[in-house]
2 protein chains.
Amino acid sequence: MHIVSLAGGIGGARFLRGLRETSPDARITVIGNTGDDITLFGLRVCPDLDTVMYTLGGGINEEQGWGRTKETHVVKEELAAYGVEPQWFGLGDRDFATHIVRSQMLEAGFPLSQITRALCARWQPGVELLPMSDDRCETHVVITDERGRRAVHFQEWWVRLRASVPAESIALVGVDGAKPAPGVLEAIEEADVVILPPSNPVVSIGTILQVPGIREALLPKTVVGVSPIIGGAPVRGMADACLTAIGVETTAQAVLDLYGAELIDGWLVAPEDSGVRLDGVRVVARPILMRDPETGADVAADIARGALDLALELAR
Amino acid sequence: MHIVSLAGGIGGARFLRGLRETSPDARITVIGNTGDDITLFGLRVCPDLDTVMYTLGGGINEEQGWGRTKETHVVKEELAAYGVEPQWFGLGDRDFATHIVRSQMLEAGFPLSQITRALCARWQPGVELLPMSDDRCETHVVITDERGRRAVHFQEWWVRLRASVPAESIALVGVDGAKPAPGVLEAIEEADVVILPPSNPVVSIGTILQVPGIREALLPKTVVGVSPIIGGAPVRGMADACLTAIGVETTAQAVLDLYGAELIDGWLVAPEDSGVRLDGVRVVARPILMRDPETGADVAADIARGALDLALELAR
């Protein structure tokens, strides 16, 4: 069985770990969001690809969900001592090494997809991790703050401002000329089913779907998504701020409508959202919180199983 | 008083610290060797400039003479975990930050001289530190080892091989088209005296003297050097391996002959080398070990004072 999954960062990575656990014999290809990528201190940082790689490779900081476990921050402190900006992005020493290797390979002319494969040779995530594109596309956000109306990199809005300033618009700069990375369309073509984790529908999944050719390739496939919204609130993160920016309500219904019945065949929602409906889409209500609210245990595998079972049923 | 000094790494930096201590009111311009510079992991490393900057700025690892105090090595360990080469060059986390800042500024188009000034704004070394050139010149060494006869970067010969394989020849690649960095010729022109610390006469001082225009600018000036050789052995390091490579004996006499009376006006040698002679050069024999052999105390200031006094006397 070949499963293709699209994924953003923390939530997507945890879901994928569950998916791998529940289907150890499946071939899993992950198409990762690179719209969050940013060049900091001259080094290319790919937060979502790294979160997936570290989470599935056993190197993630479990508490914060991103970055490396047993991390230190000497380089960051030294950069601050030089007065170098930005100081609001948390890069640890272990993480820096990843960005140094990536940047050196980019400088040597390797495409991001090959670099990601080289990095994964160490981490052995148990999935094939592909960037959505080898072409640079970056999410920028138009905001108005004390410095006036301006476009800032997504990370500045998300990390520095913690989305506290409304996003007036969100644009994936560079996507028009971008091509899916080698292997992306082939994996979708070969896939038995496609699973969308509860990643951010605007700046993670939505970004991947904007790469010319990817959405089109997905249309004939059996696609099951897990709602990133439960009872009107994001499962985690600040997806509501992104949805508001594109004029979409923060509900499981609105996100399904956004993806559309053309793309989605099955949609997992939480029990409180069991009223969600869309012609042509099988909506299944079941617990979808990746941590058991009572025990705190990671039940991502259970949810992934639910999504996969639905997809296999619909694909029959 | 304006003193110009040429300098390599560890020995030069310690001498300069003594020079600054003994002449706190003097303006001191240091022309640093950049022939040892190397690009590692895509980052530009300038070992000699950094050793001078850290030593005079209070950040040096006193025991080893290079690198930062209270250093950690997380990034290096992570790079090794990725299998990235080379693993024989010891870069610490604090040091990495310096190279990251430098590389980012180089990428942004700043010349090395401006970058060095920016880095020194943090370290406040109390001297004006100039690279010998903003143009990239790198010392390469021809060796024959198990991989055959080949040219390797100076650092590979010096650090990885510890000069254990004879250097068949030493070349400063790129020097023909190199220009002295802005301020270098002006500083020499304005200098009251020029002091050569006991740095390596081949790959440190010798390298600086190869930059077109620098040696010529020094000829009319009063130049006093401190012999890097005492009783037939280098004061520190492996200068003998470099001297042998260019067919020069490891003696205070031979190094003086190498520099030549055209350049040198005064030459400090150790008491056991009091027989050194060269027409036109005032040779003064006195203790020149920068650490007192009995107490281990740093007496670099005393030696710098000796060199400076001789220079001032000769300049009169």
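**Two contact surfaces in a two-chain model**

In this predicted model, the domain assignment divides chain A into domain 1, made of 2–134 + 176–315, and domain 2, spanning 138–171. The centres of domain 1 and domain 2 of chain A, taken over C-alpha atoms, lie 21 Å apart.

Within chain A, 18 residues of domain 1 touch 15 residues of domain 2. The two domains of chain A bury about 1,300 Å² between them, and carbon and sulfur atoms account for 70% of that area. Three residues stand out here: A:W88, A:M238 and A:A245 provide 41% of the area that domain 1 of chain A buries against domain 2, more than any other three residues.

Polar links are also found between the domains of chain A, with 4 residue pairs in polar contact, both residues being at pLDDT 80 or more. The domain interface of chain A holds 1 salt bridge. A:R44 and A:E138 form a salt bridge in which the closest N and O atoms are 2.7 Å apart. On the domain 1 side of this contact in chain A, the elements giving two or more residues are β3 (38–40) and α10 (239–245). Of these, α10(A) gives the most, with 4 residues. Sorted by class, the domain 1 side in chain A comprises 11 nonpolar, 4 polar and 3 charged residues.

Attention now moves to the pairing of the chains. Chain A is superposed on chain B by a rotation of 180° with 0.0 Å of shift along the axis, at an RMSD of 0.0 Å. The two copies are therefore related as by a two-fold rotation axis. In chain A, A:D93 has the C-alpha nearest this axis, at 3.7 Å.

Between the chains, 25 residues of chain A are in contact with 25 residues of chain B. Because 100% of the interface residues of chain A are interface residues in chain B as well, the copies meet through the same surface. Chain A and chain B bury about 2,200 Å² between them, with 65% coming from carbon and sulfur atoms.

The interface of chain A and chain B contains 6 salt bridges. In the salt bridge between A:E78 and B:R68, the closest N and O atoms are 2.7 Å apart. On the chain A side, two or more residues come from each of α2 (47–57), α3 (74–81), α4 (93–107) and α5 (112–123). The largest share, 8 residues, belongs to α4(A). By class, the chain A side has 16 nonpolar, 4 polar and 5 charged residues.

Definitions and conventions
Residues are numbered from 1 along each chain as its sequence is written. Chains are lettered from A and ligands numbered from 1 in the order in which they are written. This is a predicted model: local features need pLDDT of at least 70, side-chain atom pairs count only at pLDDT 80 or more; totals for chains, interfaces and linings use all residues. Side-chain values use heavy atoms; hydrogens and water are left out. Copies are superposed by least squares on the C-alpha atoms of residues with pLDDT of at least 70 in both. Contact means heavy atoms within 4.5 Å. Buried area is the accessible area (1.4 Å probe) that two parts lose on being put together, summed over both. A salt bridge is a side-chain nitrogen of Lys or Arg within 4 Å of a carboxyl oxygen of Asp or Glu. Ala, Val, Leu, Ile, Met, Phe, Trp, Tyr, Cys and Pro count as nonpolar, Asp, Glu, Lys and Arg as charged, and the others, Gly among them, as polar. Domain bounds come from an automatic or database domain assignment. A polar contact is a pair of N or O atoms within 3.5 Å; within protein, one must be able to donate a hydrogen and the other to accept it, and residues adjacent in sequence count only if both atoms are side-chain atoms.
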